[in-house]
Amino acid sequence: METSATRQSLYALGHSEEELHRLSRQGQAFAPFTRQLLQEAGIAPGMHILDIGCGSGDVALLAAELVGTSGHVLGVDREQKAVDWATARVHALGLNNVKFLRADPADMPSGGEMFDAVIGRLVLMYYPNTVESLRKIVRHVRPGGLVVFQEFDTANCRSMPVAPLFDRSVGLIKQALSATGARIQLGLELYSVYLDAGLPGPCLRMDALIGGGPDCPAYGLVANVVQSLLPVMEKLNIATAAEVDIATLEQRMRDEVVAGKGVVLSPGLIGAWSRKP
(Lines give C-alpha, C1' and ligand atoms only; values in the text may rest on other atoms or scores of the structure.)
Protein backbone atom coordinates (compact mmCIF):
# COMPACT_ATOMS: atom_id res chain seq x y z
CA MET A 1 0.00 0.00 0.00
CA GLU A 2 1.25 3.46 -0.86
CA THR A 3 2.15 5.56 2.17
CA SER A 4 2.50 9.30 2.59
CA ALA A 5 6.20 8.84 3.30
CA THR A 6 7.05 6.87 0.17
CA ARG A 7 4.47 8.22 -2.28
CA GLN A 8 6.08 9.71 -5.35
CA SER A 9 5.32 13.26 -6.44
CA LEU A 10 3.26 13.74 -9.56
CA TYR A 11 5.31 12.48 -12.49
CA ALA A 12 4.45 15.42 -14.69
CA LEU A 13 6.02 13.94 -17.83
CA GLY A 14 3.41 11.18 -17.97
CA HIS A 15 3.69 7.68 -19.45
CA SER A 16 2.35 8.07 -22.96
CA GLU A 17 3.94 6.23 -25.87
CA GLU A 18 5.50 9.52 -26.95
CA GLU A 19 7.01 9.99 -23.48
CA LEU A 20 8.43 6.46 -23.45
CA HIS A 21 10.03 7.17 -26.83
CA ARG A 22 11.43 10.42 -25.37
CA LEU A 23 12.91 8.54 -22.44
CA SER A 24 14.72 6.21 -24.84
CA ARG A 25 16.11 9.14 -26.84
CA GLN A 26 17.27 10.77 -23.62
CA GLY A 27 18.68 7.44 -22.47
CA GLN A 28 20.74 7.10 -25.63
CA ALA A 29 22.16 10.58 -25.16
CA PHE A 30 23.14 9.91 -21.53
CA ALA A 31 24.15 6.26 -21.99
CA PRO A 32 27.94 6.89 -22.08
CA PHE A 33 27.76 8.77 -18.79
CA THR A 34 25.65 6.12 -17.08
CA ARG A 35 27.84 3.32 -18.37
CA GLN A 36 30.97 5.05 -17.02
CA LEU A 37 29.28 5.60 -13.66
CA LEU A 38 28.19 1.98 -13.31
CA GLN A 39 31.62 0.68 -14.30
CA GLU A 40 33.44 3.08 -11.97
CA ALA A 41 31.09 2.15 -9.13
CA GLY A 42 31.92 -1.53 -9.57
CA ILE A 43 29.03 -3.10 -11.52
CA ALA A 44 30.57 -6.28 -12.93
CA PRO A 45 29.75 -9.63 -14.58
CA GLY A 46 27.68 -12.03 -12.50
CA MET A 47 26.00 -9.41 -10.31
CA HIS A 48 22.28 -9.31 -9.55
CA ILE A 49 21.01 -5.74 -9.99
CA LEU A 50 17.81 -3.94 -8.99
CA ASP A 51 16.99 -0.95 -11.26
CA ILE A 52 14.30 1.26 -9.78
CA GLY A 53 12.09 3.56 -11.81
CA CYS A 54 13.12 1.67 -14.93
CA GLY A 55 10.86 3.62 -17.33
CA SER A 56 11.43 2.43 -20.87
CA GLY A 57 14.25 0.14 -19.70
CA ASP A 58 17.40 1.89 -20.93
CA VAL A 59 19.39 1.76 -17.68
CA ALA A 60 18.39 -1.85 -17.03
CA LEU A 61 19.46 -2.86 -20.54
CA LEU A 62 22.79 -1.10 -20.07
CA ALA A 63 23.30 -2.86 -16.73
CA ALA A 64 22.40 -6.18 -18.36
CA GLU A 65 25.31 -5.72 -20.76
CA LEU A 66 27.68 -5.13 -17.86
CA VAL A 67 26.57 -8.10 -15.73
CA GLY A 68 26.53 -10.46 -18.72
CA THR A 69 24.75 -13.78 -19.04
CA SER A 70 25.95 -14.89 -15.61
CA GLY A 71 24.22 -11.92 -13.99
CA HIS A 72 20.66 -10.67 -13.84
CA VAL A 73 18.83 -7.33 -13.76
CA LEU A 74 15.35 -6.71 -12.39
CA GLY A 75 13.83 -3.40 -13.47
CA VAL A 76 10.84 -2.11 -11.53
CA ASP A 77 8.49 0.78 -12.19
CA ARG A 78 5.22 1.94 -10.67
CA GLU A 79 3.58 2.26 -14.10
CA GLN A 80 2.40 -0.84 -15.95
CA LYS A 81 2.72 0.94 -19.32
CA ALA A 82 6.44 1.42 -18.73
CA VAL A 83 6.88 -2.19 -17.60
CA ASP A 84 5.06 -3.51 -20.67
CA TRP A 85 7.11 -1.27 -22.97
CA ALA A 86 10.44 -2.32 -21.44
CA THR A 87 9.42 -5.99 -21.48
CA ALA A 88 8.59 -5.79 -25.19
CA ARG A 89 12.06 -4.36 -25.84
CA VAL A 90 13.70 -7.25 -23.99
CA HIS A 91 11.69 -9.80 -25.96
CA ALA A 92 12.62 -8.11 -29.24
CA LEU A 93 16.30 -8.27 -28.26
CA GLY A 94 16.06 -11.89 -27.15
CA LEU A 95 17.65 -11.22 -23.76
CA ASN A 96 17.33 -13.67 -20.88
CA ASN A 97 19.17 -11.81 -18.12
CA VAL A 98 16.77 -8.91 -17.56
CA LYS A 99 13.10 -8.70 -16.66
CA PHE A 100 10.68 -6.01 -15.55
CA LEU A 101 8.06 -5.86 -12.83
CA ARG A 102 5.46 -3.34 -11.69
CA ALA A 103 6.57 -2.38 -8.18
CA ASP A 104 8.02 0.36 -6.00
CA PRO A 105 10.98 -0.87 -3.90
CA ALA A 106 10.23 1.80 -1.29
CA ASP A 107 6.95 -0.02 -0.60
CA MET A 108 8.08 -3.62 -1.21
CA PRO A 109 8.39 -5.71 1.98
CA SER A 110 11.88 -6.70 2.98
CA GLY A 111 12.91 -10.34 3.19
CA GLY A 112 12.80 -11.12 -0.52
CA GLU A 113 15.67 -11.36 -2.97
CA MET A 114 18.79 -9.51 -1.89
CA PHE A 115 20.64 -7.74 -4.68
CA ASP A 116 24.31 -7.01 -5.22
CA ALA A 117 23.43 -3.44 -6.23
CA VAL A 118 20.53 -1.05 -6.57
CA ILE A 119 20.74 1.52 -9.35
CA GLY A 120 18.55 4.30 -10.70
CA ARG A 121 18.69 7.31 -13.00
CA LEU A 122 16.48 10.39 -12.50
CA VAL A 123 14.13 8.63 -10.09
CA LEU A 124 14.90 9.75 -6.52
CA MET A 125 14.02 13.31 -7.57
CA TYR A 126 10.35 12.27 -7.64
CA TYR A 127 10.19 10.98 -4.05
CA PRO A 128 8.93 13.64 -1.61
CA ASN A 129 10.86 12.07 1.27
CA THR A 130 14.03 11.08 -0.53
CA VAL A 131 15.98 10.02 2.57
CA GLU A 132 13.31 7.71 3.96
CA SER A 133 12.61 6.25 0.53
CA LEU A 134 16.30 5.54 -0.06
CA ARG A 135 16.55 3.92 3.36
CA LYS A 136 13.66 1.60 2.43
CA ILE A 137 15.09 0.86 -1.03
CA VAL A 138 18.46 -0.10 0.43
CA ARG A 139 16.78 -2.89 2.46
CA HIS A 140 16.84 -4.92 -0.78
CA VAL A 141 20.66 -4.70 -1.05
CA ARG A 142 22.95 -7.20 0.65
CA PRO A 143 25.56 -5.91 3.13
CA GLY A 144 28.51 -4.62 1.12
CA GLY A 145 26.31 -4.14 -1.94
CA LEU A 146 26.39 -1.06 -4.13
CA VAL A 147 23.95 1.86 -4.07
CA VAL A 148 24.30 3.84 -7.31
CA PHE A 149 22.11 6.75 -8.38
CA GLN A 150 22.33 9.45 -11.03
CA GLU A 151 20.32 12.65 -10.63
CA PHE A 152 20.09 16.08 -12.26
CA ASP A 153 21.50 19.45 -11.33
CA THR A 154 19.28 21.51 -13.63
CA ALA A 155 21.08 24.75 -12.74
CA ASN A 156 23.86 23.52 -15.02
CA CYS A 157 21.59 23.75 -18.09
CA ARG A 158 22.26 27.01 -19.92
CA SER A 159 23.61 28.68 -23.03
CA MET A 160 26.70 30.79 -23.74
CA PRO A 161 26.39 33.41 -25.09
CA VAL A 162 22.84 33.69 -23.83
CA ALA A 163 20.32 32.22 -26.25
CA PRO A 164 17.04 33.62 -24.86
CA LEU A 165 14.70 31.01 -26.34
CA PHE A 166 16.82 28.08 -25.17
CA ASP A 167 17.16 29.50 -21.66
CA ARG A 168 13.45 30.36 -21.48
CA SER A 169 12.53 26.81 -22.51
CA VAL A 170 14.79 25.41 -19.81
CA GLY A 171 13.18 27.81 -17.34
CA LEU A 172 9.71 26.52 -18.24
CA ILE A 173 10.87 22.95 -17.63
CA LYS A 174 12.31 23.85 -14.23
CA GLN A 175 9.14 25.71 -13.25
CA ALA A 176 6.83 22.86 -14.26
CA LEU A 177 8.88 20.16 -12.55
CA SER A 178 9.29 22.19 -9.37
CA ALA A 179 5.56 22.97 -9.27
CA THR A 180 4.75 19.26 -9.35
CA GLY A 181 7.11 18.35 -6.53
CA ALA A 182 10.26 17.22 -8.33
CA ARG A 183 13.62 18.09 -6.75
CA ILE A 184 15.38 19.58 -9.75
CA GLN A 185 18.82 19.87 -8.12
CA LEU A 186 18.85 16.58 -6.26
CA GLY A 187 22.18 15.67 -7.83
CA LEU A 188 23.87 18.22 -5.57
CA GLU A 189 22.02 16.82 -2.54
CA LEU A 190 22.99 13.17 -3.08
CA TYR A 191 25.95 13.30 -0.69
CA SER A 192 23.84 14.44 2.26
CA VAL A 193 20.94 12.17 1.24
CA TYR A 194 23.21 9.11 1.38
CA LEU A 195 24.56 10.13 4.80
CA ASP A 196 21.08 10.81 6.20
CA ALA A 197 19.90 7.41 4.90
CA GLY A 198 22.63 5.70 6.94
CA LEU A 199 25.05 5.06 4.07
CA PRO A 200 28.73 6.00 3.87
CA GLY A 201 29.46 9.27 2.09
CA PRO A 202 29.32 8.45 -1.63
CA CYS A 203 31.89 9.03 -4.33
CA LEU A 204 30.60 11.55 -6.86
CA ARG A 205 31.06 12.42 -10.52
CA MET A 206 29.32 14.85 -12.85
CA ASP A 207 28.80 14.63 -16.61
CA ALA A 208 26.94 16.83 -19.08
CA LEU A 209 26.30 17.19 -22.76
CA ILE A 210 27.83 20.29 -24.31
CA GLY A 211 27.81 21.36 -27.90
CA GLY A 212 27.07 23.93 -30.53
CA GLY A 213 26.28 23.94 -34.20
CA PRO A 214 23.24 22.45 -35.91
CA ASP A 215 23.84 18.83 -34.86
CA CYS A 216 23.91 19.28 -31.08
CA PRO A 217 21.30 16.93 -29.55
CA ALA A 218 20.39 19.34 -26.75
CA TYR A 219 17.84 21.26 -28.81
CA GLY A 220 15.80 18.14 -29.44
CA LEU A 221 16.13 16.91 -25.87
CA VAL A 222 14.87 20.21 -24.43
CA ALA A 223 12.05 20.50 -26.97
CA ASN A 224 10.93 16.93 -26.24
CA VAL A 225 10.74 17.60 -22.49
CA VAL A 226 8.76 20.79 -23.10
CA GLN A 227 6.34 18.81 -25.25
CA SER A 228 5.81 16.17 -22.55
CA LEU A 229 5.31 18.86 -19.90
CA LEU A 230 3.05 21.10 -21.97
CA PRO A 231 -0.25 19.75 -20.55
CA VAL A 232 1.00 20.47 -17.03
CA MET A 233 2.32 23.88 -18.08
CA GLU A 234 -1.09 24.83 -19.42
CA LYS A 235 -2.92 23.43 -16.39
CA LEU A 236 -0.70 25.42 -14.01
CA ASN A 237 -0.78 28.58 -16.19
CA ILE A 238 2.97 28.42 -16.75
CA ALA A 239 2.78 28.62 -20.55
CA THR A 240 0.28 28.00 -23.35
CA ALA A 241 0.66 25.84 -26.42
CA ALA A 242 0.50 28.96 -28.58
CA GLU A 243 3.34 30.58 -26.66
CA VAL A 244 5.52 27.49 -26.88
CA ASP A 245 4.76 26.65 -30.55
CA ILE A 246 6.15 23.16 -30.05
CA ALA A 247 6.14 22.33 -33.76
CA THR A 248 8.93 24.82 -34.42
CA LEU A 249 10.58 25.06 -30.99
CA GLU A 250 13.52 22.76 -31.68
CA GLN A 251 14.44 24.46 -34.95
CA ARG A 252 14.09 27.95 -33.48
CA MET A 253 16.41 27.06 -30.61
CA ARG A 254 18.89 25.56 -33.08
CA ASP A 255 18.80 28.64 -35.31
CA GLU A 256 19.26 30.95 -32.32
CA VAL A 257 22.31 29.14 -30.93
CA VAL A 258 23.93 28.65 -34.33
CA ALA A 259 23.44 32.32 -35.22
CA GLY A 260 25.22 33.32 -32.00
CA LYS A 261 28.07 30.83 -32.56
CA GLY A 262 27.18 29.59 -29.11
CA VAL A 263 27.13 26.42 -27.08
CA VAL A 264 24.53 24.88 -24.81
CA LEU A 265 24.88 22.69 -21.74
CA SER A 266 22.55 19.94 -20.57
CA PRO A 267 21.67 19.57 -16.89
CA GLY A 268 24.54 18.15 -14.91
CA LEU A 269 24.09 14.41 -14.48
CA ILE A 270 25.55 13.73 -11.04
CA GLY A 271 26.33 10.15 -10.12
CA ALA A 272 26.82 8.89 -6.56
CA TRP A 273 27.89 5.48 -5.35
CA SER A 274 28.55 3.90 -1.99
CA ARG A 275 28.37 0.47 -0.33
CA LYS A 276 25.78 -0.61 2.19
CA PRO A 277 27.42 -1.21 5.59
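A residue is taken as buried under 20% relative accessible area, as exposed over 50%, and as partly exposed in between. In the predicted model, G112 has a relative accessibility of 46% and therefore counts as partly exposed. G112 is placed in the loop that links β3 (98–102) to β4 (115–121). The C-alpha atom of G112 is separated by 9.6 Å from that of R139, a residue 27 positions away along the chain.

Over the whole protein, 53% of the 277 residues count as buried. The secondary structure consists of nine helices and 10 strands. The radius of gyration is 19 Å, which agrees with the value near 19 Å that a compact globule of 277 residues would have. The C-alpha trace spans about 55 × 35 × 35 Å along the principal axes. The accessible surface amounts to about 11900 Å², and carbon and sulfur atoms account for 55% of this area. When contacts between residues at least 6 apart in sequence are considered, 83% of them join residues at least 24 apart.

On the α5 side, the contact is formed by P164, L165, F166 and S169; α9 contributes L249, R252, M253 and E256. Sorted by class, the residues of this contact comprise five nonpolar, one polar and two charged.

Backbone geometry was also examined in the loops next to these two helices. The peptide bond between M160 and P161 is cis, with omega at about -10 degrees. P161 belongs to the loop between β6 (158–160) and α5.

Positive phi values in residues other than glycine occur at D245 and at K261. For D245, phi is near 50 degrees, and the residue lies in the loop between α8 (241–244) and α9. The relative accessible area of D245 is 34%, so D245 is classed as partly exposed. K261 has a phi of about 50 degrees and is located in the loop between α9 and β9 (263–265). With a relative accessibility of 78%, K261 counts as exposed.

How values were computed
Residues are numbered from 1 along each chain as its sequence is written. This is a predicted model: local features need pLDDT of at least 70, side-chain atom pairs count only at pLDDT 80 or more; totals for chains, interfaces and linings use all residues. Side-chain values use heavy atoms; hydrogens and water are left out. Contact means heavy atoms within 4.5 Å. Helices (H or I, at least four residues) and strands (E, at least two) are DSSP runs, numbered from the N terminus. Ala, Val, Leu, Ile, Met, Phe, Trp, Tyr, Cys and Pro count as nonpolar, Asp, Glu, Lys and Arg as charged, and the others, Gly among them, as polar. The radius of gyration is taken over C-alpha atoms; the globule rule is 2.2 Å times the number of residues to the power 0.38. Buried means under 20% relative accessible area, exposed over 50%, partly exposed in between (1.4 Å probe, protein chains only). Accessible areas come from the Shrake-Rupley method with a 1.4 Å probe; for residues, only the protein chains shown count as cover.
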